[in-house]
Amino acid sequence: MSTPTEDDKKFMKIAYEEAKKGYDEGGIPIGAVLVSSTGEILGRGHNRRIQDSSPILHAEISALQTAGRLPASSYKNTTMYTTLSPCSMCTGAILLYKISRVVIGENRTFVGSEDWLGVKGVEFVVMDDEECRKLMERFIKERPGDWGEDIGEEGEER
């Protein structure tokens, strides 16, 4: 694990804006941004499972979707910024497209498959961002059933 850079802080703010947008839409407040090695934003998005009634539209998948169809080489040396530790599904997508670096806003409310990223040689940074954590804590407290559904656990009825 490495230390976050100034660029990491800049792009995490954009991921947080996406998370906040999702929360304001009545969804799950997780945001993501896919950034090239030159600093170009290739895609950005937020968790849209509730808004689109989708079982798979997590923030990282949403960012990949907005990036559109790209040649495999486009993902080389990219960074995925995500406000929350990526789940197994999103980690699988990161590995499939050979995204080389992941910057995680926080992992106190949920620890996804960071260990899998490390085993597969993906560099990852956990920023322990207070804004990301507070937004997730607020959402989990307000809507534990929706949160449980998002991470594949039993929760209160919707």
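**Ground rules.** I am working from a predicted model, where local features need pLDDT of at least 70, side-chain atom pairs count only at pLDDT 80 or more, and totals for chains, interfaces and linings use all residues. Residues are numbered from 1 along each chain as its sequence is written, and side-chain values use heavy atoms, with hydrogens and water left out.

I looked up the UniProt annotation, an unreviewed entry: "domain: CMP/dCMP-type deaminase" covers residues 6-124. Such annotations may be inferred rather than shown by experiment. Over residues 6-124 I read 39% helix and 21% strand. Helices (H or I, at least four residues) and strands (E, at least two) are DSSP runs, numbered from the N terminus. The end C-alpha atoms are 15 Å apart.

**C90.** I found C90 in helix α4, residues 88-96. Is C90 buried or exposed? C90 counts as buried because its relative accessibility is 1%; buried means under 20% relative accessible area, exposed over 50%, partly exposed in between (1.4 Å probe, protein chains only). Leaving out residues up to four places away in sequence, C90 touches H58, E60 and I61. Contact means heavy atoms within 4.5 Å. C90 and H58 are 32 residues apart in sequence, yet 7.4 Å apart in space, C-alpha to C-alpha.

**α1 and α6.** I then checked how helix α1 (residues 6-24) packs with helix α6 (residues 130-142): the angle is about 20° and the axes are 10 Å apart. Axes are lines fitted to C-alpha atoms, for helices over the stretch in contact, and angles run from 0 to 180 degrees between N-to-C directions.
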